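The sequence and structure are shown first.

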Amino acid sequence: MFERFTKDARAVVKGAVEHAEGEGAGSVDDGHMLLALLDREASRASFALASLGATRRRESIEDALGEARRRGGLSQADTEALAGLGIDVSEIVSRVEESHGVGALAGGGRRAGRPGRGWSGHRPFTREAKDTLVKSLRMATARRDRQIGDEHILFALTVRPGLVSEVLADHGVTHEAVERVLYGGGAE
């Protein structure tokens with residue numbers, strides 16, 4: 001599959017691994033791919049993200065991803081659904097952090113005794129991240145594109161249910177908006 005990735009799409013995958021390494025995460029997830037997309041310049045996805053204002057709101061996007069990691073990866077929708085069942089996620093996070101330290105639910109994968117340094121070696125992709133890459137292939141194929149570009153990764157992140165698509169939508173980046181910017185005549 002990777003032989004069909006453009007230079008920009010390969011750079012996103014490589015950048016996602018670098019983000020995971022920088023965090024000391026044990027695996028690469030969709031959030032890392034989103035951050036790598038936000039790092040890009042002069043690509044189709046970077047054009048769409050800039051046109052939709054996401055690059056200007058990068059700090060807010062990073063904060064939303066970080067807050068969700070603090071909640072153990074639960075999206076705001078997940079948190080609200082649990083609240084409807086009488087489960088206060090904020091209270092659970094507070095109690096866990098009292099006992100185990102701030103960010104204990106984030107799952108950063110840092111080794112004890114090695115502050116600031118993450119796992120060495122290969123970082124696997126989470127099931128969700130792998131599914132996003134497969135979805136990007138399917139989206140490229142559906143458009144009859146011969147290669148998978150970084151825009152296909154962005155499209156896949158906007159349509160797969162979960163935290164990253166929720167964060168993107170909260171910041172004005174939906175599948176429809178990206179489609180409109182790239183194929184329908186410009187920004188909103």
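Is Ile 87 buried, partly exposed or exposed? In this predicted model, Ile 87 has a relative accessible area of 32%, so this residue counts as partly exposed. Ile 87 sits in the loop between helix H5 (76–84) and helix H6 (89–100). Together with Leu 85 and Ile 92, Ile 87 makes up a nonpolar surface patch with about 280 Å² of accessible area.

The largest nonpolar core comprises 42 residues, and Ile 153 and Leu 154 have the most contacts inside it. Helices supplying at least two residues each include H1 (7–23), H4 (58–70) and H8 (150–159). Helix H2 gives the largest share, 6 residues. Beyond its neighbours within four places in sequence, Leu 154 contacts Leu 37, Ala 45, Ala 48, Leu 49, Leu 168, Val 173 and Val 178.

There are 12 salt bridges in the structure. Three of them are listed here.

| Pair | N to O distance |
|---|---|
| Glu 21 – Arg 123 | 3.9 Å |
| Arg 69 – Asp 29 | 2.6 Å |
| Asp 30 – Arg 160 | 3.3 Å |

Asp 30 in helix H2 and Arg 160 in the loop between H8 and H9 are 130 residues apart. Both Asp 30 and Arg 160 are buried. Shared partners join Asp 30, Arg 127, Asp 131 and Arg 160 into one salt-bridge network.

In the pair of Glu 21 and Arg 123, the partners are 102 residues apart, with Glu 21 in helix H1 and Arg 123 in the loop between H6 and H7. Glu 21 is partly exposed at 40% relative accessibility, whereas Arg 123 is buried at 6%.

Methods
Residues numbered from 1 in each chain as written. Predicted model: local features only at pLDDT ≥ 70, side-chain atom pairs only at ≥ 80, totals over all residues. Heavy atoms only, no water. Patch = residues over 30% accessible without salt bridge, like charges linked within 9 Å, V, L, I, M, F, W, Y side chains within 5 Å. Areas by Shrake-Rupley, 256 points an atom, 1.4 Å probe, with all protein chains shown as cover. Salt bridge = Lys/Arg side-chain N within 4 Å of Asp/Glu carboxyl O. Helix = DSSP H or I, 4+ residues; strand = E, 2+ residues; numbered from the N terminus. Buried < 20%, exposed > 50% of the residue type's maximum accessible area, 1.4 Å probe, protein only. Core = buried A, V, L, I, M, F, W, Y, C linked by side-chain atoms within 4.5 Å. Contact = heavy atoms within 4.5 Å.
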